[in-house]
Amino acid sequence: MIVLEVTVFLLVAAAGTAVVLTRDPLNQAIVASFYGLVLGIMFLVFQAPDVGLSQITVGAVALPMMVLLALAKVRALEGSRGRDDR
Amino acid sequence: MDALPALAVAFPLLVAAALVGLAPICPRRVADAAAVVTAAIVAALGLALLARCLEGPVVYWFGGWTPRDGIVLGVAFTVDPVGAGLATLAGVLATAALTFSWRTFEAVRTLHHGLMLVFLAGIVGFCLSGDLFNMFVFYELFSVAAYALAGYRTTDPGSVRGALNFAITNSVGAILLLGGIALLYGRTGALNLAQLGQALAKGPADRLVVVAFLLLMVGFFVKAAVVPFHFWLADAYALAPTVVGVLFAGVVSELGLYAVARVYWTVFSASLAGAEGVRGVLLLGAVATALVGGVMCLLQHHLARMLAYATISHVGLTLAGFALLGPVGAGGAVLYLLADGLVKGSLFISVGIVEHHLHDVGERRLQGRGRHLPWAAALMTVGALGLAGVPPFGTFLGKALMEEAAFEAGFPWLIGLYVVVAALTSAALLRATGRVFLGLGPPQAPAASGPRAPDEAALRHPQVHATQVVPAVLLLAGALAIGLAPGLAGAVQDAADRFTDRQAYAAAVLQGARDPASSRPHPPVHLTSPALGAVLSALLGLGLALAALYPDRLPARLRGGVARVWDPAAAMLRGLHGGHVGDSVAWLVVGLAGFGTLLALVVR
Amino acid sequence: MRFLPYAVAAWLLLVGLYGIVTSRNLVHAIICLSVAQSSTYVLLLSVGFERGGTAPVFLDVPVGTKAVDPVVGALTLTDIVVGATVSALLLALAVQAHKHHGTLDPERLKSEQD
Amino acid sequence: MTPGLRRRVFLAAAAAAGALLLWGLTGLPDYGVYAGPYGDVLNQVAVAERKATNVVASVTFDYRGVDTMGEEYILFAAVLGVAILLRAQRDETEQPPDEDAADRHAPATSNAVRVIGLTLVGPVVLFGLYVVAHGHLTPGGGFQGGVVLATAALLVYLSGEYVTLRRVSPELLTDSAEAVGAAGYVAIGLLGVGAGAAFLANVLPLGQPGALLSAGTIPPINLAVGLEVAGGFVLLLSEFLEQTLVIRRPGEVT
């Protein structure tokens, strides 16, 4: 049990670091989704299934989704801007 | 059971939801009226609460969960005169701001009014709450509403950048706050302020208590914009719509100070009692804030930005009153905070009037163009005197109390700080007033760029509407009333005695004790020397303003000497305040480390 | 092990702040903020954890069974909602900033004084 | 500050701040030891007092229900803020997409994905409703269920049925779902005041622990929260979606 806990803690720390160090937002959204999932698992280890469930729905699905949509919007803007310049 | 404390929050929230739900079918005028009336009712509820809690705090247990054997199961609002006074101030400012916006503001349907009411409800809940996590929730509530309100003026691109910086920096502050809450909860298993205070009172502060205090203090200092946590404020406040800026400058920054004071006295005062150095650490922050804010204020030519830095410098002055860690200083700080909030709210409305009529707020571009706005000129001049703390404004009485406390606590030099800083901020305002409304100073080279609207714009709105002027006049009248109300100084000192009495607070919350505590007789406040100081501030301010308007009339040697010191310092300060979000957060961490090291050293 | 989760929380906070300070893209900075925010979830839940305790749900186990603290669970739930909504709002602001300035790089979003 | 200087300043300060934080954190009880009375007392008394078997739910919606009311309004304010920010921008620059336009610009989706996506919608909605309704019994509740329900709407989008999504969740409906949910929470709170008790007092019949209809006001509050969260998240997602779709021009369709 202790081994599992330590593994999960270290995994969370590593995944959080990976999210920060992934500088391209598109890739970062995917890493962040993974991080959300790992956090959710950590909360199950903490015997907090309520929190784990919302962390997974929010952190692994809803938030990365919003990031992707915001990025899509920004790219579309850049696309139209590029065309206007031409 | 009397549900007044709950209604003060629930009512605006309910109206907000209704306004949003009915947005498609609700005519604009009806929504306007509903918002103003709701804000006014909140102000009235605040006053009613204030009247009710003069004889001891009103404790309201949500869900009826009264404590069992000193263990709190639910959440309590603990209303005392300080909290109720701030809630009333927020209600009054919101009423004034919404009235002002009646004619000037293009709302995105009625969603904006919903957001304003949520903002107000969050502030009120924050002021009334007696539970640390509940304070955090309401803190986030008004903050989230504030981020959205700060950023949505799409005509000014800067407002979006300001809002981003505001939201990111303040969210980091909120994270620190929650870290402090988690530390205290891990130690004590409690979230109620009174219960936390009882648990910590069992021993002197150890490392966990020091770090928890640090995190809570820094978290709230970010909201208060204490140096070096202030870099986000100017863009956010100055570029927000007037209706929002009134509340930002009038009450939001002060809430951060209120929270530090509240948490210090209810939770930490017993365990930190032995540490005299805490006073020095807080005073250091206060002095730095007051001076940086004051100098930056003088450097601004954007009228709203000027008010934003005046807000920072006056946060420093107020913090100095709290930092003395005694009831007299706290009472003075509270009084100052209320009166100063009214004055700044009124000034923000005046700037809004200028902007509405001249479509610009740049002091140099506006030279002489405000001649046909006598109301705004008068409001700005009187407001500048209010900022300087001239009698009989409430700011004067508050300052007199704080100066007395400083003298008695052995910090007489603080009196000099009050004189100088009040002079700096009022000088900036008087200079701008003279230039914009009287056309004083040498003609400025017309700026090549900038939103210079044609003067026909002014002709299109020849009339200043009563809905614009009356709110500003009433706010100033309120600041005067605070200074003139007979017996107010005594009442405030009674309230401050209770505010700083941890044991009475704990007894009221945990045991329901409601003793009509005998009010201690207060010696009369010395008013003569503070009055001289205030007049000196105003004269200094006037002199500085004239010197800034007519630098050529100064003796050349003096001018050169001043320029050698002032110009590099000003350039450096300007360079630091570049509005980069990374800078704000980096400085926040510097401040965290700095204040933390000092606290760790003085508490040992 | 005695302090490992607390240390993880402190690490997440600092690494998230590092990301914000060094970020060259606002969307990146916003995700870093959510990493910093997640430090509070870890800290809250770990101070409420009790070794050998079950989840505080007494449907299949009788009341009186050793269970972890339900309060930190409730606090963290609130915290997660706050974090998510703030992120959403920030993303909307970032989209707006891009529209006005044509960039998401904080270095190029300079303050124009006066 | 230049980026390099900023980074060095931060690293120096963060080293000191990190050391301070660790110093303070070691003052906590060891990991795995819970010191405080709050949670232990609630674990002992909550099921008997509230007849809800999930103690986290009774803390969230009853003992500390006012926190959750604030939390719901945080969501409400954020969604309003996003709507104001993005709608204002839309009004400035683009026309709202009429159905033809959306049809033309939405990414093409293969039939297999479309079928799978649409088949999943039913079960996901059912699961969401289940999670909302059983919040007081098992882990879950209005918030988690509400997000699950919002994902159902997302599935509709992923299946390429953007037009359907617009039909199913027009702004009016999601706006009002969100508002009704938020107002519902306060209204349930006022129920307590109306009954002569405190705001948010649990004045409905409590029933027996383990039953679907038990725990008094907790299930209705869960329902209000579920409504608000589902409406709010659909609104958030669709505001961002709107942004993405509206801006696309015919040439950009991939």
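How many helices and how many strands are there in chain A?

Analyst: The model is predicted. Chain A has 3 helices and 0 strands, and its pattern along the sequence is α-α-α. The C-alpha trace of chain A spans about 60 × 25 × 10 Å along its principal axes. Its radius of gyration is 17 Å, whereas a compact globule of 86 residues would come near 12 Å. Of the 86 residues in chain A, 51% are buried. Where contacts in chain A join residues at least 6 apart in sequence, 43% of them link residues at least 24 apart.

Met66(A) belongs to the largest nonpolar core, which has 420 residues, and is among the members that touch the most others. Val118(B), Ala148(B), Leu89(C), Ala94(C) and Ala77(D) are also in that group. As a general matter, nonpolar side chains in soluble globular proteins tend to be buried together.

Leu91(C) sits in helix H3 of chain C. It counts as buried because 27 other C-beta atoms lie within 10 Å, and the cut-off is 20 or more. With residues up to four places away in sequence not counted, Leu91(C) touches Met66(A), Val67(A) and Ala70(A), together with Val27(C) and Ile30(C). Thr54(C) is 37 residues from Leu91(C) in sequence, and their C-alpha atoms are 38 Å apart in space.

Chains C and D meet through 45 residues from chain C and 45 residues from chain D. On the side of chain C that touches chain D, helix H1 (4-22), helix H2 (26-47) and helix H3 (70-101) of chain C each supply at least two residues. H3(C) gives the most, with 17 residues. By class, that side of chain C has 32 nonpolar, 7 polar and 6 charged residues.

Chain D also meets chain B, with 61 residues from chain D and 64 residues from chain B in the contact. The largest share of the side of chain D that touches chain B comes from H4(D), with 19 residues. This side of chain D divides into 42 nonpolar, 11 polar and 8 charged residues.

Technical notes:
Residues numbered from 1 in each chain as written. Chains lettered and ligands numbered in written order. Predicted model: local features only at pLDDT ≥ 70, side-chain atom pairs only at ≥ 80, totals over all residues. Contact = placed C-beta atoms within 7 Å. Helix = DSSP H or I, 4+ residues; strand = E, 2+ residues; numbered from the N terminus. Nonpolar A, V, L, I, M, F, W, Y, C, P; charged D, E, K, R; others polar. Buried ≥ 20, exposed ≤ 12 C-beta atoms within 10 Å, placed from the backbone. Core = buried A, V, L, I, M, F, W, Y, C linked by C-beta atoms within 7 Å. Rg over C-alpha atoms; globule rule 2.2 N^0.38 Å.
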